[in-house]
Amino acid sequence: MRILEGQGVTKYFGGLAAISNVDFHVDQGEILGLIGPNGAGKTTLFNLISAALPASSGGMRFKGQKISGLKPHRICQMGIARTFQETKVFGNMPVIQNVLVGAFFGKPTHISGAAAANEATQALEFVGLSATSAAPIKDLTLAQQKRVEVARALATKPELLLLDELMAGLTPTEVGEAMELVTRIRDKGITIIMVEHVMKAIMGISTRVMVLHHGEKIAEGTCNEISCNKTVIDIYLGEETHAAS
Amino acid sequence: MGFLILLIAFVLTFPLYGGARTRVLITMLVYAILAMSWAMFSGTTGYMSLAPAAFFGTGIYTTYLLQNHLPLPIIIVAAGLISFVLAVLLGLVTLRLKGIYFTIFTFGLVVFIPNVVTYVEGEVTQHHGWYFNVLDRTIILYTMLGLAVVTVLAIYLIRRSRLGLAMQSIGGNEEAAEHMGIDTTRTKVLTFAISAIFMGAAGAVLAPSLSYSNPTIAYSAFYSFVPIVAAVFGGMGSLQGPIVGGLLFGFLEKTLKVEWNTYFMLGFGIIIVLVILFLPTGMVGLVPILRDKLGGAISKWRKGREGEQHANT
């Protein structure tokens, strides 16, 4: 079943098309990897799905329901949660309270204080940060703050989770832990779209990969199909190998 | 909370100490109410509002308009409601602005609204200046005290509620707050308007003690700066901070300004700078420091005594 579907999604910044006529879909229960060079429009696509930005044209459906034109808080309450490329935590609160915000406000129905506290504790435990619960969030490392963002998003009880470069800036060990975390989230039955530059992570856990370049979708398929795709190698993978050598 | 009870007891018994000081106490309470309600919205969300004078002045104007038609308690409620509605309308326009643009816009209101009132008075009612039916100052003092207590309780409850958490998350990161399911526009407009209730009500209570006012005096920008100065001075982050700041600022202003007008503002300016530099949590930040120091000294002294007793036995 298609949980999210976009048709002709387009976003202009002035005269520049950051996302140009992109058709895409996400199947329930999969991990969709979203890759492409810098400036390809990956984060812009996330911003359009989560309604941080209004689309210039095109439409999107979540579980068959039209979501274009909704406000970000409504999108969240419908069941689409996200994290941010540059962490956006509530710096004026302790860790647990960051997660509590998601538990309190992220659902369409009213939730009691005790239930919210319970869910927040569980979400924090799920990402393995119970020990830092009472610490000021600013005291955490980047990897930990990213995990708090994941916990906060999970506390909203999403069906679809958008992870924006969860692994950027992490050490190889932390990348391994993050991959394991993403798989566990999928195993909970949550569908995932992840933007990532860490190829090992994308190729390791994605069910399917979509490649953006200059705002256009240039390829889509399983990891094997993508890593053999000539255009992708020329534009993106080749570039990386080149840069690495 | 214990400190609040002490304060109430102090104010209740005040007429016993001599009536001349009632005016000072009223001012102290007004400043505390303004500072508390300002900090509730601006201190938490990070939206620096310069609008308090707009609501405070509206409260004074409300009393002027209604004083011959309604009893004071109803006028106070009416002033609160009018300020609330005014704040909702203004909030819907201004709260889409961020940072300095929001601040300047709110300040624009403080300049704009009294001019509208003056124009209306000049063109429509042909009345200039507002005279108030004089009321016993002690009654005004107790009413103001009641309002201050209501304000403290309301803000205390809001801080603990989910509305308080929503506000705090806007202050932490507004974009993230939106994506966590918070209707940020609604939260901001609502809390901005709630804070306006107390500012308007304070103006309405104060009005009968003024005997005379006019749009320029009532909407003086001074009332927009008082809450900020008082809140920063006392400490913005806590519930007590703005109360302490407001009371202290009111007291210092009313008692010292009489004798040393210019030097008072100069001296107070220096104190504010020192507080900002060395006590980022305001005057209330002194309490834990003093407690640590005193506690340390006391336990040392106790240990010393115990040691002595030990030696004696």
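In the predicted model, Gly33(A) has Val209(A) as its bridge partner in strand 9 of chain A. Two strands meet here. Strand 3 of chain A covers residues 31–35, and strand 9 of chain A covers residues 208–213. The two run in the parallel sense and pair over four bridges. Strands of a sheet pair through backbone hydrogen bonds, and the pairing can be parallel or antiparallel.

This pair belongs to an open sheet of six strands in chain A. The strand order is 6-7-8-3-9-10. Pairing across the sheet is mixed. Strand 6 (80–82) and strand 10 (216–221) of chain A stand at the edges. Each of these two has a single partner strand, so one side of each is left without a neighbour in the sheet. From one strand to the next, the twist averages 20°.

Helices of chain A pack on this sheet. Helix 1 of chain A, residues 42–49, touches strand 3, strand 6, strand 7 (160–164), strand 8 (191–195) and strand 9 of chain A. The direction of helix 1 makes about 145° with that of strand 7 of chain A. Helix 6 of chain A, residues 172–187, also packs on the sheet. Strand 3, strand 7 and strand 8 of chain A are touched by helix 6. The direction of helix 6 makes about 150° with that of strand 8 of chain A.

Chain B is divided into domain 1 (2–281) and domain 2 (287–313). Taken over C-alpha atoms, the centres of these two domains of chain B are separated by 43 Å.

A helix pair was examined in chain B. Helix 11 of chain B (residues 222–234) packs against helix 12 of chain B (residues 240–259) at an angle of about 115°. Their axes lie 7 Å apart. The crossing of helix 11 and helix 12 of chain B is right-handed. Helix 11 of chain B contributes residues including Val226(B), Val229(B) and Phe233(B) to the contact. From helix 12 of chain B come, among them, Ile243(B), Val244(B), Leu248(B) and Phe249(B). By class, this contact has 10 nonpolar and four polar residues, with no charged residues.

The two chains also touch each other. In this contact, 20 residues of chain A meet 16 residues of chain B. Helix 2 (72–78) and helix 3 (95–105) of chain A each supply at least two residues of the side of chain A that touches chain B. That side of chain A has nine nonpolar, eight polar and three charged residues.

Key:
Residues numbered from 1 in each chain as written. Chains lettered and ligands numbered in written order. Predicted model: local features only at pLDDT ≥ 70, side-chain atom pairs only at ≥ 80, totals over all residues. Domains from an automatic or database assignment. Pairing = 2+ DSSP bridges. Axes fitted to C-alpha atoms, helices over the stretch in contact; angles between N-to-C directions. Contact = placed C-beta atoms within 7 Å. Left-handed = near helix turned anticlockwise from the far one by under 90°. Nonpolar A, V, L, I, M, F, W, Y, C, P; charged D, E, K, R; others polar.
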